[in-house]
Amino acid sequence: MTGHYEQSDSPFRLFSSPGDPAWRQAQIGAIGAVLAHWSVHEHQPALVAVPTGSGKTAIATAVPYLVRAGRVLVVAPSRQLREQLCENFSTEGVLRAIGALPADAPLPSVEEVQGRTIDWEALRGADVVVALPDSISPAHHVENPAPRDLFDVIIVDEAHHAPAPTWRAILDHWKDAKGLLLSATPRRRDGKRVPGDLAFHYPLRRAIEEGSYKAVQPEILELPAGATKSDSDRLIVARVRELMDDPEHATSTLLVRAGTEARARELVKLYNDAGVSIELLVSRLGDPEQRRITDGLRNGQIQAVAVVGMLGEGFDLPSLRLAAYHDKHKSLNSTVQLIGRLVRVHDDYPQPSVLVATNDADVYPALKGIVRTLWDEDTEWAVLLPQIADAEIERGIADKKFADDLESAPPELALEALRPMVTATVFESRDVAWVPRFVTGDVPHEISPTTVIRGREVFYASVTPDMQTLLVVMRLVNSPRWNADSGLDSAAYELYLLTWVPRKTTDQTGLLLVNGVDGQVTRVLLEGIGFEPGDLRIADPHRLQDAFDSLPRISVSNVGVRNTYGGGRGAPTYKTFAGSAVDRGLREADTAQSAIGHAMAQIQEPGSTYTTGISTGKGKFWEARYVPLRTYQDLLNGFAERYWSPTPGANPLLPDVARGSRIEAFPTSDVVAIEMNPNLVGFGWSTTGGAPLELVDLQPRPDHRSDRFALEAIDLRTGAPIWMGYQDTNGEFYDDPSSPDCAAQRGYSTHRDFADLLSSQPPSIYFYDGTTIHGHLKFAPVGHLRTLPSVDVLHPDWTGVDIKSELDSTALGKGVGISVSAAVVRHIQATPSRYARRWILGNDGSGEIADFIVLEVGLNRQVRIGLWHVKPSKTATPAVRVPDMQVVTAQAIKSRRWLTDLSLWEELGRRLDGESSPRLVIHDGSERLLRVLLGRNSSHPSWALDQRTRLLRGEVVIVQPGLSWSNLDVRLAAGELFAQQVRDVLAVFDDAVGQRGDTRIACSP
C-alpha cells in the first residue's frame, strides 16, 4: 500500500527491547549523523561512508521510517545489486532481524524499474522505486521529464559513482528531496569529489575491532623455473581441489577469477576435469541463465563459479570463502570487490577465507597492486591482507605504528598523515655534554599546548617514542587586513621539528637538526629545549658539502657561488647558475675568486629520484620530497652519518672551486687587508662620533691568537682608533676592555653597538696565504698560489726620480730629483689614450679614493676609471721588500669598490668643490668640462655622468718603485721566503680586484 512510511502508527522502533538483537555501532552512528545533517541541511545530500559489510542495508531501509518518507528512490549501480536491493526493501529482513520491526509488520510496496520506458504516474503507487541510473536518470528523459515532486528521499548505493553525469542528474533533478549517499569510502579512487557533505565516516579499523572483518589467508604458490601459464593454472586448480575437499570448507563457495571469457571457459574445463563442478558466469549469458546461477550461489546449489567482471560491488554472497586468482585484474573495481567479500564475517560461514594464486610475473605484481590501491584507500586493509603487502606497505605500517605511539592529538590532526618535507638547518653542539631537554621524552613546559609563541598558539606538541624528535604544530589566525570583523578569520598551521642525533664517537658532537618555517618561533623553541648562546654552532660547510657529494647524483641543476672577496655595488656578492648538468658548463671565469654557496642535484635511488640541495652559509640541507614522520627521522639520521663520515665524497662538485669551512683557528699568515662589509659602505652608516663608515679603516692588532683575531677601527680623518676588539671563531665580535665606547647609526636609527654591527655584517679579512675570513667562514685557496701573479707590469721611466719621496714637497726639500708622484703623472701623460678626453686627478690624503684618479670619457659616454696608489721605496735601491708592499696593497684592495659604484661621480664632484675631503687636484684635463661631467655646472645637465653612464672595466694600479720585478723572479726561483710573501700579497691583490677591474703594478725593472 502507498504511504507506508508516513503512517503515524508505524511499528518501526529504532531502539527495541533489551533482549532483541542490537544495532551495530556503525549503523547507529550513521543514522544519527544523517538525521542531524538533514535537520540543518535538508536539501544537501548526506554522504555516509561505512565499510562494506558494516550494515548499509539496515541504514538504507531504516531511514525512510525515521523521516516518514512519502516515496523513496533507490539508485543501484548494477543489475545484480538492483535485484538485491529490491529484495532487501521488499522483505525488510535486516530490520526484522535487528528487532526494529516485528515479524508480522506490513511491508512497503517496491517497484523495480527496468529499461527507459517509464510511466511516471504509475510509480506513484509505489513506496520504493529501485532503478539503475541508466534507466531513471533525467538525462535520458528530456522529452518525458519526471515530476519533480515524485520522490522526497533519494538513496544512492555505492555513491562513489555519483559524480558521473547520469548520477549527478538524478540528484540535481530531485534537489528538494532528502539525499542519502552510501559508500564504503568517502572518496573515489580517481580522486574526484563525491557530491554531498560527509556526514559520517566509520573507520575500517573500528569494523575490524568489532569483528565485522577477518583476515584473508593468502596461499601464494611457488612456480618451478621455466613454468608456463598452464603450469600455473594446474597448480592453482590442484590446491583449490584440496581445499574444497577439506570438511572445513564444505559450505564454502569458490570464485575463479579469469581475465577474458575465453580464459574463463578454459579454466572451467580444467576444474571440471579435476572433479570440481563449476559454472560459467559471463555478461553474454541471458538474464534467466544469469539469474539461475546467482540464485544457485545464494541457496548453495552452486558451489563454484568462474567469472569475468561479474558479481560486482554490492552483490552479497556470505558463503564466498575461496578465491582462485588465475589472471591479473582487467577491472580494478571488480577484483577489489572480490577481496572485499572474502574478508566479511558471517556467523553461518565461520571457516577461513583463502586466496590462492601463484608467484608469477603476471599475477603476483597485479595482486600487490590491488593491495596497494586498498592501502591508499584505508591503511587498515593491510591487516586484512597479510603476506601480500609489498615493502612499501610494510614501511607504511611501521610509519603508522610510529605515529600511533605519539601523544594523542586533537581529532582534526591525523598524525599518521603527517608528511614533513625533508629539510633542516644543522647545528653542532659545542659542549659534548649538552643535550636538548626533550630527550627525557617530555615536552618542555614552555612549549606545552595552548602556550602562545610569537602570535601563534601551540596546537600540539609531542616527543617521538625514541625521544629523538620534538614535534610541534603551531596554529595562528589569519585575518584579512581589509576586514575589521572576525567573521573571515581562518586558522593556519605550521609544523616544527627539532631532531637530536647524539654523537657516535668521541671525535663527534651531537647534531640538532631544526625544521621550521619562522625563524623567530624557532629561536623561542630552541630556548625552550635549553639552548643558550654558545651551546650550538652552525654546521661546518665543508662537512655539509662532503655529505652532499656522497650521494649518487644524476645531474646538478643549480649552483650558487659566493664571492670570497666581497661584493657590493656593481660586483656580485653571489652568482647563481641554473640548467641541466650546469656544473659541466661553468667556465673558470664564472667561479674565479668564489666558493660554493649552494647546490641542487637530482639523486637516484632504487625506484625513484628526488632533488636535494645544500646551503653552506646557512648550514641547511633539504630534499624535495614529503615523507612520513618515521621516514623523515630515518633520513635525518642517514644525513648525520654522511656528515660525520671520514671518507670524502667520491664525486666532488666543482673540485677546483674553493669550499668554505668553519673557522677552527685563525691563519698564522699575516694580514694583507681588512675590508668593511659592502652593506655598510655607501648606505648612510656612521659612528656616533660622526665618522662615516667609508672613512673608518679596520686594521689588525698584533695581539691576536689562534682562537681570536684582534683588530681596531681607525678614523681616517684623525688617524685615531675609535674602537678595539676581537672576532672569535664563531664570527662574533666583542669589545676589548680598553676600547673607547663606540656605536653606529644609520640616519636617525637607534644606536647599535659597533661590535654587534660587525657581528651582523662582518668584514672580510684577507691573508697573505690567500685565505679569506668572512664571519664564521674561512675560504682557503684550492691549490697553491701561482709562481708569479698575473698582474700587468708597468716600468715607468724612473730616471731622475727620488724613489724615496712620494710627494713633490719632499723631493724638492731634498733636492735630489722629482717625486714618485710627479713621475706617475709624467708616465700617464706620456701614455696614449684611446678615449676622447682624459683627466688626471690627485686625491692624496686621509680618506683618499686613490692617490691619482685617471678619468677617461669617450664620445659615446663610455667611461673608464683608473685608481693609482703610490708609495715610495724604503731605500734608494730597488729590491724585494715586504714592508714596501703591505700598506699600498691594502689601500688598493679597499679602493676597488669605486670601480663599479656609480655614486663615484657625486663624490668626485663634492671633492672637486671641497665639500668632501681630500680635495681633488686637477693635474691634467679641462676643469670646466670636468665640472659639467660631474654635475657641478648646470648649463649642460644632460652631459652629467649618472646612472645611465656606461662604466667600462677599470683598473687599480700599485706604484712601488722600490720593487724590482726581475729581482723578484730570481728570488722566487731560489725559494726565498720574503719573495714568496711579496708574491702572495700581489696574488691576493689580483684575486680581490679581478672581478671588478684590471690589476697593474708600476715598479722597477
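1. Helices here are DSSP runs of H or I with at least four residues, and strands are DSSP runs of E with at least two, both numbered from the N terminus. With that in hand, have a look at Leu132, which sits in the loop between strand 4 (128-131) and helix 5 (133-136). Before going on, some ground rules: this is a predicted model, in which local features need pLDDT of at least 70 and side-chain atom pairs count only at pLDDT 80 or more, while totals for chains, interfaces and linings use all residues. Residues are numbered from 1 along each chain as its sequence is written, and side-chain values use heavy atoms, with hydrogens and water left out.

2. Is Leu132 buried or exposed? Leu132 counts as buried because its relative accessibility is 17%, and buried means under 20% relative accessible area, with exposed over 50% and partly exposed in between (1.4 Å probe, protein chains only). Setting aside neighbours within four places in sequence, Leu132 is in contact with Ala76, Pro77, Ser78, Arg79 and Arg82; contact means heavy atoms within 4.5 Å.

3. Now zoom out to the whole protein chain. The protein chain has 26 helices and 45 strands, and its C-alpha atoms fill a box of roughly 135 × 70 × 55 Å along the principal axes. The radius of gyration is 43 Å, whereas a compact globule of 1005 residues would have one near 30 Å. (That radius is taken over C-alpha atoms, and the globule rule is 2.2 Å times the number of residues to the power 0.38.)

4. How much of the chain is tucked away? Of the 1005 residues, 53% count as buried. The accessible surface comes to about 43,600 Å², and 50% of that belongs to carbon and sulfur atoms; these areas come from the Shrake-Rupley method with a 1.4 Å probe, and for residues, only the protein chains shown count as cover. As for who touches whom, take the contacts with a separation of 6 or more: residues 24 or more positions apart account for 68% of them.

5. A word on charge. The protein chain carries 104 positive and 127 negative side chains, with the centres of the two sets 5 Å apart. Lys and Arg count as positive and Asp and Glu as negative, while His and the chain ends are not counted. Each charge is placed at NZ of Lys, CZ of Arg, CG of Asp or CD of Glu.

6. Asn677 deserves a stop. You will find Asn677 in the loop between strand 27 (671-675) and strand 28 (685-687), and Asn677 is buried because its relative accessible area is 6%. What does the side chain of Asn677 reach at 2.9 Å? The backbone nitrogen of Asn679. A polar atom of the Asn677 side chain also lies 2.9 Å from the backbone oxygen of Pro762. Not counting residues up to four places away in sequence, Asn677 touches Gln761, Pro762, Pro763 and His774.

7. Ile674 lies in strand 27 and counts as buried, at 2% relative accessibility. Leaving out residues up to four places away in sequence, Ile674 touches several residues, including Leu698, Phe709, Leu711, Pro763 and Lys894. For a sense of scale, Ile674 and Pro51 are 623 residues apart in sequence and 73 Å apart in space, C-alpha to C-alpha.

8. Beyond its neighbours within four places in sequence, Glu494 is in contact with Arg456, Val472, Val473, Met474, Leu476 and Val517.

9. Finally, some backbone details to check. Arg454, in the loop between strand 15 (452-453) and strand 16 (456-463), has a positive phi, near 50 degrees, without being a glycine; Arg454 counts as partly exposed at 49% relative accessibility. Leu654 is not a glycine either, with a positive phi of about 45 degrees, and counts as buried at 12%. The peptide bond from Ser917 to Pro918 is cis, with omega near -5 degrees.

Note on methods. Polar contact = N/O pair within 3.5 Å; in protein donor to acceptor, adjacent residues only side chain to side chain.
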